[in-house]
Amino acid sequence: MPIPASAPEWHIGLIGYGEVGRILGEDLRAQGLRVSAYDRKLGGPLQQPLLEHARAYGVELLDSHARLAATADFVISAVTASQTLDVARACAPRVRKDAFFLDFNSASPGAKQAAGVLIDAAGARYVEGAVMTSIPPYRIKVPLLLGGASARALAEAIAPLGFDAKVVSDRLGVASATKMCRSVMVKGLEAMVIESFTAARHYGVEDAVLASLQETFPGIDWERQGAYFFQRVIEHGRRRSEEMHESANTVREVGMPAFSAQGTAERQAWMADHADAGTFGERGAPGFARAADWRAEADRLLQSLKEPTA
């Protein structure tokens with residue numbers, strides 16, 4: 001059976017049912033669309049929040065990539081960056097002919113191109129997507145760059161669903177390159193702020209450092225930005241680290257050493273390790289990664305560095 005011509009009639013398949021997948025699931029179900037999802041956490045000790053969310057919003061949970069790919073008219077892959085190519089490999093043997101496959105993941109141009117070859121060869125239509133800012137404030141309307149031979153057709157089809165998609169190229173790799181090069185700056189700034197502010201706090205010079213930054217860059221509220229950066233990295237450092245490994249790959253694909261991007265990946269992962277170890281409190285507890293003053297989190301980090309390791 002061919003896929004319906006109208007997107008509101010599509011069966012939507014979400015691969016990855018984390019923060020992004022759940023937001024999309026909520027917004028698509030609110031429009032009455034049929035939505036299924038698969039996540040590799042299903043069947044394991046971390047599945048309970050997924051089950052509860054799916055039950056609350058009427059999302060059907062499936063037990064494999066292949067089963068989802070075989071039934072969905074429109075597949076959205078929203079997993080961690082390192083899983084980008086694995087998801088394409090798992091879906092390709094069963095993906096429906098002419099189905100759209102939107103790759104939301106923060107992966108390098110090379111990874112997107114390789115995934116595209118697999119999906120297109122199976123008879124589906126691969127489109128790369130690059131999410132250009134944080135999803136929660138915008139939800140389904142988050143600014144999204146699309147690329148690939150089927151990008152324009154998909155952009156027109158999903159506009160009635162509320163997606164804010166802009167086609168940047170009919171070539172794969174352009175949208176992801178835009179995202180990855182931006183991430184070198186944005187995620188790099190997060191890492192630098194955490195490193196600079198925490199060290200300044202240790203030496204008791206944080207007020208002088210912030211005053212100097214405010215004078216040099218008067219358009220940025222460094223207190224507020226510092227708190228936000230600490231919050232986001234504490235909560236999402238693991239995912240950000242994987243994205244930055246892909247940003248580093250993007251730089252290496254040019255032939256340049258990825259000094260900054262690789263260092264950012266390591267700092268983000270280091271913060272994720274501390275978050276997992278309880279340095280900033282219990283993950284998932286009220287108030288976790290929500291301190292309004294970055295100094296509270298920097299102090300926790302500094303205290304942990306004084307404690308002897310086992």
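User: Before we start, what counts as contact here?

Analyst: Contact means heavy atoms within 4.5 Å. Keep in mind that this is a predicted model.

User: OK. What does D27 touch, not counting residues up to four places away in sequence?

Analyst: D27 touches R139 and I140.

User: And where is D27 found?

Analyst: In helix α1, residues 19-29. D27 counts as buried, because its relative accessibility is 15% and the cut-off for buried is under 20%.

User: How far apart are D27 and G162, in sequence and in space?

Analyst: They are 135 residues apart in sequence, but C-alpha to C-alpha the gap is 8.7 Å.

User: Let's switch to L62. Buried or exposed?

Analyst: L62 is buried, with a relative accessible area of 5%. You'll find L62 in the loop between β3 (60-61) and α3 (65-71).

User: Which residues is L62 in contact with, leaving aside neighbours within four places in sequence?

Analyst: S36, A37, Y38, L42, R67, L68 and T71.

User: Now helices. How do α4 and α5 cross?

Analyst: The axes of α4 (residues 84-91) and α5 (residues 109-121) come within 9 Å and cross at roughly 5°. The two helices are therefore roughly parallel to each other.

User: Which residues make that contact?

Analyst: From α4, L85, A88, R89 and C91; from α5, A111, A114, A115, L118 and I119. By class, that contact of α4 with α5 has eight nonpolar residues, no polar and one charged.

User: At what angle do α8 and α12 pack?

Analyst: About 75°, with the axes of α8 (residues 174-203) and α12 (residues 294-306) 9 Å apart. That makes α8 roughly perpendicular to α12.

User: Who meets whom in α8 and α12?

Analyst: F197, T198, R201 and H202 in α8 meet W294, R295, A298, D299, L301 and L302 in α12. The contact of α8 with α12 splits into five nonpolar, two polar and three charged residues.

User: One more helix, α7. Which of its residues are buried?

Analyst: In α7 (residues 151-158), the buried residues are A151, L154, A155, A157 and I158. They cover an arc of only 165° around the axis, which puts them on the same side of α7. On the other side, R152 and E156 are exposed.

User: Why would residues three or four places apart point the same way?

Analyst: An α-helix has 3.6 residues a turn, so residues at that spacing point the same way.

User: What covers the buried residues of α7?

Analyst: The cover includes strands β4 (74-77), β5 (100-103), β6 (125-131), β7 (143-147) and β8 (164-169).

Note on methods:
Residues numbered from 1 in each chain as written. Predicted model: local features only at pLDDT ≥ 70, side-chain atom pairs only at ≥ 80, totals over all residues. Heavy atoms only, no water. Buried < 20%, exposed > 50% of the residue type's maximum accessible area, 1.4 Å probe, protein only. Helix = DSSP H or I, 4+ residues; strand = E, 2+ residues; numbered from the N terminus. Arc of directions from axis to C-beta. Axes fitted to C-alpha atoms, helices over the stretch in contact; angles between N-to-C directions. Parallel < 35°, antiparallel > 145°, perpendicular 65-115°, else oblique. Nonpolar A, V, L, I, M, F, W, Y, C, P; charged D, E, K, R; others polar.
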